[in-house]
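User: I would like to learn how to read a few features of a protein model. Please give the general idea each time, and then the case here.

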4 protein chains.
Amino acid sequence: MIVVMKAGSTKQELDGLISKINGVGLQTHVSEGIERTIVGIIGDERNFDARKIEVLPGVERVIRVLQPFKLASREFKQEPTVITLPNGLTIGAGGIVIMAGPCAIEDQRSIIETALAVKDAGAHILRGGAYKPRTSPYTFQGLGVRGLEMLAIAREESGLPIVTEVMSPSDVGLVSEFADILQVGARNMQNFTLLHSLGKVKKPILLKRGMMCTVEEWLMAAEHIMASGNHEVILCERGIRTFETYTRNTMDLSAIPLVKQLSHLPVIADPSHATGSSALVPPMAKASIAAGADGLMIEVHLDPENALSDGAQSLKPAVFAEMMQDINIIASAVGRYLEGFPKCQAG
Amino acid sequence: MIVVMKAGSTKQELDGLISKINGVGLQTHVSEGIERTIVGIIGDERNFDARKIEVLPGVERVIRVLQPFKLASREFKQEPTVITLPNGLTIGAGGIVIMAGPCAIEDQRSIIETALAVKDAGAHILRGGAYKPRTSPYTFQGLGVRGLEMLAIAREESGLPIVTEVMSPSDVGLVSEFADILQVGARNMQNFTLLHSLGKVKKPILLKRGMMCTVEEWLMAAEHIMASGNHEVILCERGIRTFETYTRNTMDLSAIPLVKQLSHLPVIADPSHATGSSALVPPMAKASIAAGADGLMIEVHLDPENALSDGAQSLKPAVFAEMMQDINIIASAVGRYLEGFPKCQAG
Amino acid sequence: MIVVMKAGSTKQELDGLISKINGVGLQTHVSEGIERTIVGIIGDERNFDARKIEVLPGVERVIRVLQPFKLASREFKQEPTVITLPNGLTIGAGGIVIMAGPCAIEDQRSIIETALAVKDAGAHILRGGAYKPRTSPYTFQGLGVRGLEMLAIAREESGLPIVTEVMSPSDVGLVSEFADILQVGARNMQNFTLLHSLGKVKKPILLKRGMMCTVEEWLMAAEHIMASGNHEVILCERGIRTFETYTRNTMDLSAIPLVKQLSHLPVIADPSHATGSSALVPPMAKASIAAGADGLMIEVHLDPENALSDGAQSLKPAVFAEMMQDINIIASAVGRYLEGFPKCQAG
Amino acid sequence: MIVVMKAGSTKQELDGLISKINGVGLQTHVSEGIERTIVGIIGDERNFDARKIEVLPGVERVIRVLQPFKLASREFKQEPTVITLPNGLTIGAGGIVIMAGPCAIEDQRSIIETALAVKDAGAHILRGGAYKPRTSPYTFQGLGVRGLEMLAIAREESGLPIVTEVMSPSDVGLVSEFADILQVGARNMQNFTLLHSLGKVKKPILLKRGMMCTVEEWLMAAEHIMASGNHEVILCERGIRTFETYTRNTMDLSAIPLVKQLSHLPVIADPSHATGSSALVPPMAKASIAAGADGLMIEVHLDPENALSDGAQSLKPAVFAEMMQDINIIASAVGRYLEGFPKCQAG
């Protein structure tokens, strides 16, 4: 941490600062410039709130030197984290993994049919929401535990592992009995009570980036889960909020290679929520793989026109199947492969 | 709701749309323009998800006509909602109400002293956090239930009602035993499970605006609480996230008069979190009252330099007391008054 | 400037950095921490592009210590800049100054009538656009030089000095023959060629904040004008772009007291463009004065329903006159006064 | 255009609206709902400012139905616009085109060497700035006309067409004597005087998206150029401003397929400015092609560590050459090809 003193700060203020820093067991290193005096703090600054220094008299600004996340950082752990599901499927090991399914589980028949359809197209994991965060209290809120049961039956029928959202700490126990991967939605990325509960779970967590959250905050949310005991976190970019209104969100695709630099955690992309428009999903899915994503989460619905939720951004199975072929080609073009697909020759 | 058909959409597509709308019991009204055909949907569109229409063939765009919130709207209820606390204090009735206290409760002595100091300066309600949402898992997370107990003792000593944050549905019961007003923090504004729990509580809810949330979403969050049974919601503007970095957030002060137009709920302002800088709190507090706020929430700390949380934005009691005098003058200047203060003559 | 070296950077990389810094005549000060080595650069960093250091091998991050603006800074010049117009009116000297008039000049009669109406209500300066930046090429683009002539006649008739926008370096000469204050619109805040031309003019410049610009960039735009020779710059906050859609822009009112800390330049507020809605103008005008603005720019139109531009945000003269009375009261409440008004007693 | 009347609006207000609309030669179509009356306006709304209706009594909201851009729209012109340079190179015809070179022209030798190096790697067009918009007045502002002359010599030596920025209407004549494509920078995207000047030029215009501009405003800026007479516009996505700070801007890659839907104009991507970091350029360049871009603009510098501008985001020639090979493979994977490269087999 570096402290910049105000122009005209006094010797007494400097001494006060130094004694405060020494008081918490850290060392200082003073450098007097022409217009400003700078104080370097030597030691691990992560347990130390920068805002506590900012408030001292004579202090102009405090600058952190280290990233505030540790367990999630590439510096802490060089080799990529690989997550292995009970059926042996790995995420983050090199192969591209696709999660697909409806926004919300609607009934037993359709979730089974969708599971079989996406499996047929080559998807590896079935997604489906039983608990739905909805902006309006007057629209469909999900089937709850009945939805989880339907999802489990669809897993049995299709053989696909399942990922589903959990919205509340009190549901974590229940959802983790059913799901292979537990999802934290964008609106809950900073629901710290929920994150701490998920730190106690022995299943991987899919952590969506909050729509107003910086990459640093996203990695700090992962850090909350990891510091609570669960190191199996999969990051998922799903678009951030900007002034642009044509698309539902703005997909921050540069976050993919950036997170790969900063962290060892696997990162996937969700172009369905990021764009909100089925026509934009295939190009952005391809772009995500080209940018280095380890996988995709895609909304697929048998009959988008009659979906109870998010039909406008859902692909029909046939479109999804076609996209999977294209993804396989793109994967090869960046030196990777789509899990379970014949490796195609590129270049 | 209005549906704009694509240029070149077919008669069959139009018929499909109309039959779908009729199928849910709503009527249509078709208007053929030169470049586009427009279909008006007649009936209450609130229970109807616009995105379900967007996905139909031939549809270019769907536009909502009514505001999606109902119970929270000025149209539904003309007269302002007035909230009365057990000690008879009213919020939203015309008098300006001030909530003040530390960001986090640190120990019994300091919370009592702060309570007495802010009361002395004229504050009406004591604030203090027992559960703290913190970006880093490595910094102080609040005292939890011990903090609630300290807060209750400070209420007894000072006579001030108390407002404190609740972060999880499972804590709602406990927190509502202690607090006079339950606060939903910005990061939980769209924690719908929490909102629904608060709908069952018989105490007023202070609902902070999410830092990435639109005014419409904020009112929809209030709608979630109200539709679950609790109509006593106080809105609190605390800054939104923008690209500006000098301030912690960007205080959207125009949201105050805007919400007054759109809703009957009382609305207060929190310049401490909005700016993150104690030097900016007094001018923005005055500006908030000038813009029409029904109250303020202000962070006050006996010794900001040693605060465990958010010292940089906390006022010392003496500065707070001085600001209260200024607020009283501004209140008069906009034809209002600070609760319990001698009315001053303006103009 | 402070340079943070990467974890694991080599001695050779450090030496390379130091020799590069020494090469431009600056000194260094090295501080070795546990996880990082930090290099302080001693000397005036303003002429030195931080990005040139960032690119060196072994460098993780470069942090500026000094504000990049100098002439515009409070540190450079403590006392507030006061701008005096030919008629003796001062801006920034303590009295609040109001600029009012139509968005666009439409014809000779209406600009004279508006000038007389706003003067009658107590306004000090007449505003009116002859050159209009319009998003669409198909709407009214302003009267150009004919508009300037009409404005000059309205000045003669009313005695009010005039402020008007200039959009192009090639128009600077012409516009400065007519205007008492030249305005740079938000969309041109970083039109550096225009800023440099205005640095050669001997008239005050009203510099609107760009809707996507940080406060630092705004002050840097002022610095461009000042470094080119003209130190008479008036800053004007007019709202920034965010995700909120109810209002035209989001008025960043905390920028007012912030800029007062950072700079000696006078700063005014434009609630008409910031909100886009006439109903929100009076509350936000009052809030602006309460926050410390030195003046206001307000759109007034004789007949907003038939305005050629921005009628929705224009006040009718009677509403404006009433607002002026309220502004006078608010000004007193913050220890200031509205130029030319009887000082009212507050408190 | 659709007008939503307020709840409780009167018959007289409705009549006033209709007569105003009829007055400008447009027809209306009234639809009475349960909670609101809706008025459709029939005819071309583009020459009609929606804000003029908004201000009428009884009007709640005005909604445009048609896109405000016409000449730039896919609806107006189905087939893609193909731009042909003097040397026969086409942009927008299917082949991917790469523009590469330094941020700023620094001297004759280096611009020639860079031109030869990027040509050798397969680039098609040489970029280089002679006029540089710089945030600070104290850093390198470009070589001006001397830079243009150096660029022209580099064209002669390399055979590559050149693209360079023009910042002011008064420079348009001069720059168009030298450049094959004239570039409008992000900060000038709404410099309407400049856009109108470029409408008179007989050379293609590269129009960068403003960092705070919506896709609609970007297409409207193109419309300004086209409506002034020049239909040869190439759009360039270069990142928008958000709250994220790790990257210089946030690259809005979904704008690429979106603009392809909305417009017939070619669109390219600039990952150098969008990310600000050379390590992120190759992945985002590949992602841009996967998303459907017609080309790329890439900053390449012989010696980024000593660049006068933007070294941190510049690629060295060897890295650029390697990236070109990857781009060729990605192009094949999306059924396209890199101009002048052997078509590689994908799939």
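User: Is H8(D) mostly covered or mostly open, and how many of its 8 residues are buried?

Analyst: First, some ground rules. This is a predicted model, in which local features need pLDDT of at least 70 and side-chain atom pairs count only at pLDDT 80 or more, while totals for chains, interfaces and linings use all residues. Residues are numbered from 1 along each chain as its sequence is written, and chains are lettered from A and ligands numbered from 1 in the order in which they are written. Helices (H or I, at least four residues) and strands (E, at least two) are DSSP runs, numbered from the N terminus. A residue is buried if 20 or more other C-beta atoms lie within 10 Å of its own, exposed if 12 or fewer, and partly exposed in between, with C-beta atoms placed from the backbone. By that count H8(D) is mostly covered, with 7 of its 8 residues buried. Among them are Ile256(D), Leu258(D) and Lys260(D).

User: What do the buried residues of H8(D) pack against?

Analyst: In chain D they pack against helix H7 (215-227), strand E12 (233-237), strand E13 (267-269) and H10, and in chain A against helix H10 (281-290).

User: How many residues of chain D are in contact with chain A?

Analyst: Two residues are in contact if their C-beta atoms, placed from the backbone, lie within 7 Å. Here 36 residues of chain D are in contact with 36 residues of chain A. The elements of chain D that give two or more residues to this side are helix H8 (255-262), helix H9 (271-275), helix H10 (281-290) and helix H11 (317-333). H10(D) supplies the largest share, 5 residues. By type, the side of chain D that touches chain A divides into 22 nonpolar, 11 polar and 3 charged residues. Ala, Val, Leu, Ile, Met, Phe, Trp, Tyr, Cys and Pro count as nonpolar, Asp, Glu, Lys and Arg as charged, and the others, Gly among them, as polar.

User: What rotation superposes chain D on chain A?

Analyst: Copies are superposed by least squares on the C-alpha atoms of residues with pLDDT of at least 70 in both. A rotation of 180 degrees with 0.0 Å of shift along its axis places chain D on chain A, with an RMSD of 0.0 Å. The two copies are therefore related as by a two-fold rotation axis. They meet through the same surface, because 100% of the interface residues of chain D are also interface residues in chain A.

User: Which elements give two or more residues to the side of chain D that touches chain B?

Analyst: In that pair, 20 residues of chain D are in contact with 20 residues of chain B. The elements are strand E1 (2-5), strand E2 (27-32) and strand E3 (37-42) of chain D. E3(D) gives the largest share, 3 residues.

User: Which residues have the most contacts inside the largest nonpolar core?

Analyst: A nonpolar core is a set of buried Ala, Val, Leu, Ile, Met, Phe, Trp, Tyr and Cys residues joined through C-beta atoms within 7 Å. The largest has 408 residues, and those with the most contacts inside it are Leu207(A), Leu207(B), Leu207(C) and Leu207(D). Leaving aside neighbours within four places in sequence, Leu207(D) is in contact with residues including Val184(D), Ala221(D) and Leu235(D).
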